[in-house]
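Subject: Structure handover

Hello,

Here is the structure for you to look over. My notes on what was found follow below it.

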Amino acid sequence: MRRELFEPEHEAFRETARTFINKELVPHIEEWEAAGQVSRESWRAAGEQGLLGFAVDDEYGGGGVDDFRFNVVFDEELVAAGVSGFGSPLHNDIIAPYLMKLANDEQKQRWLPGFCSGELISAIAMTEPGAGSDLQGIRTTAVRDGDDYVINGQKTFISNGIMADLVIVVARTDPDAGHQGISLLVVERDMPGFERGRNLDKIGQKAQDTAELFFNDVRVPARNLLGEEGQGFIYLMQNLPQERLSIGVASIASAAKILEITKDYCRDRTAFGRPIGKFQNTRFELAEMATEVQIGQVFADRCVQEHVRGELSIENAAMAKWWLSELNKRVIDRCLQLHGGFGYMTEYPVAKAYLDARVQTIYGGTTEIMKEIIGRSMGF
């Protein structure tokens, strides 16, 4: 089915994104996966090409176009090229809305030019060793002391955590106020007491630096408070739908890409004297996956259209996140099976995709939490 999501300007941008990815990112995939992170030069190169901060006002060096479809195009092209470590989806899709909507003029002047140029890499620190999907259970504290907040606590599984220059830290500023006691503070690189732990060894997305962060009496100027004190939980709830949609978009793009690779493999690979695609079981497997991916793509595109219009609901974003990420996991698993023993070899794209995809049903809110959100929206 013909996709009706994009306009000519989006397809023109797709060529720009594809050219950049193939030139600046793809040649370094193996090097970055071995190192556990990408290079800072790649971030600056993305900034020079206008690939960071699409929605940021042009006065700060951004694209000045608040149209999530540009984010979608870039995310899809990263997936198509097998680039799973470059953290621009986090930067563009997740962090940018916080800075654009919540930062005051002085903060925007300080942070957004570097955000758009690639000089300042960003992250958001929500998850803790004892608090993942339950954000109300966070224990990191930020205590007001004169003109500063003093942060103490620990975060884990933080994407871009090793390289980040700006980290939006979710902290408890009032221990007795429940979800109304949570605030957002921006911690900057080299603030005394801010330490990074391990670059965590994951089963997939090897080039994406994912870190433990430690805050030991970190004094953060009160001017680094993002938005209003005590409103952090509300801000998180307002921005999580775009994060979850971003994960859904990447998931369906991955499923579609691996299905295409598998179709080609089934045409070329022979068994018992004929291509394996000629066997009824293989055809049925491919037919089922093609149908499911088509359904998923139509739903994903509709969610993006609603989001661009400002109409995407929390529950529909949750539906997109859980169903598309689970679909991706299921499709890749079946595609790997059709590859036989070769599918188990990491030099084959299906094997890498299998490892990279597994986290998509976990981060951004687990499948189980997404179902809980949907169930509650139904009145249960």
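**Helix packing**

Before the details, the ground rules. This is a predicted model, where local features need pLDDT of at least 70, side-chain atom pairs count only at pLDDT 80 or more, and totals for chains, interfaces and linings use all residues. Residues are numbered from 1 along each chain as its sequence is written, and side-chain values use heavy atoms, with hydrogens and water left out.

Helix α5 covers residues 88-102 and helix α7 covers residues 232-268. Helices (H or I, at least four residues) and strands (E, at least two) are DSSP runs, numbered from the N terminus. The α5 and α7 axes are 10 Å apart, at an angle of about 155°. Axes here are lines fitted to C-alpha atoms, for helices over the stretch in contact, and angles run from 0 to 180 degrees between N-to-C directions. The α5/α7 crossing is right-handed. Handedness works like this: left-handed if the near helix is turned anticlockwise from the far one by less than a right angle, right-handed if clockwise.

Which residues of α5 and α7 meet? From α5, they are P89, N92, D93, I94, P97, Y98, K101 and L102. From α7, they are Y235, L236, N239, Q242, E243 and S246. Contact means heavy atoms within 4.5 Å.

α7 also packs on helix α8, residues 280-308. Their axes come within 10 Å and cross at roughly 155°. α7 and α8 are therefore roughly antiparallel to each other. This crossing is left-handed. On the α7 side, the contact uses Q242, L245, V249, I252, A255, A256, L259, T262, K263 and C266. On the α8 side, it uses T282, L286, M289, A290, V293, G296, Q297, A300, C303, V304 and H307.

Helix α4 (residues 68-80) packs with α5 at about 160°, with axes 11 Å apart. So α4 is roughly antiparallel to α5. α4 passes α5 in a left-handed crossing. F68, N71, F74, D75 and L78 of α4 meet S88, P89, N92 and D93 of α5.

**Annotated domains**

An unreviewed entry gives "domain: Acyl-CoA oxidase/dehydrogenase middle" at residues 123-218. UniProt positions are in the numbering used here, feature names are shortened, and annotations may be inferred rather than shown by experiment. In the model, residues 123-218 are 0% helix and 51% strand. The end C-alpha atoms of that span lie 17 Å apart.

UniProt also places "domain: Acyl-CoA dehydrogenase/oxidase C-terminal" (unreviewed entry) at residues 230-378. Residues 230-378 are 75% helix and 3% strand in the model. Their end C-alpha atoms are 28 Å apart.

**Cysteines**

How many disulfides does the structure hold? It holds 0. The cut-off for a disulfide is a pair of cysteine sulfur atoms within 2.5 Å. For C266, the closest cysteine sulfur is in C335, 7.9 Å away, too far for a bond. C266 is buried, at 2% relative accessibility. Buried means under 20% relative accessible area, exposed over 50%, and partly exposed in between (1.4 Å probe, protein chains only). C303 is buried too, with a relative accessible area of 3%.

**Single residues**

H10 sits in helix α1, residues 8-25. H10 is buried, at 0% relative accessibility. Not counting residues up to four places away in sequence, H10 touches D67, R69, F70 and V73. H10 and D67 are 57 residues apart in sequence, and 9.8 Å apart C-alpha to C-alpha.

V359 is in the loop between α10 (349-357) and α11 (367-377). V359 is partly exposed, at 28% relative accessible area. Its C-alpha is 9.1 Å from that of I203, 156 residues away along the chain.

F157 is not a glycine, yet its phi is positive, about 60°. F157 is in strand β3, residues 148-159, and is exposed at 57% relative accessibility. D190 also has a positive phi, near 75°, in a residue other than glycine. D190 lies in the loop between β5 (182-188) and β6 (194-199). D190 is exposed, with a relative accessible area of 68%.

Best wishes

How values were computed. Angles under 35 degrees count as roughly parallel, over 145 as roughly antiparallel, 65 to 115 as roughly perpendicular and the rest as oblique.
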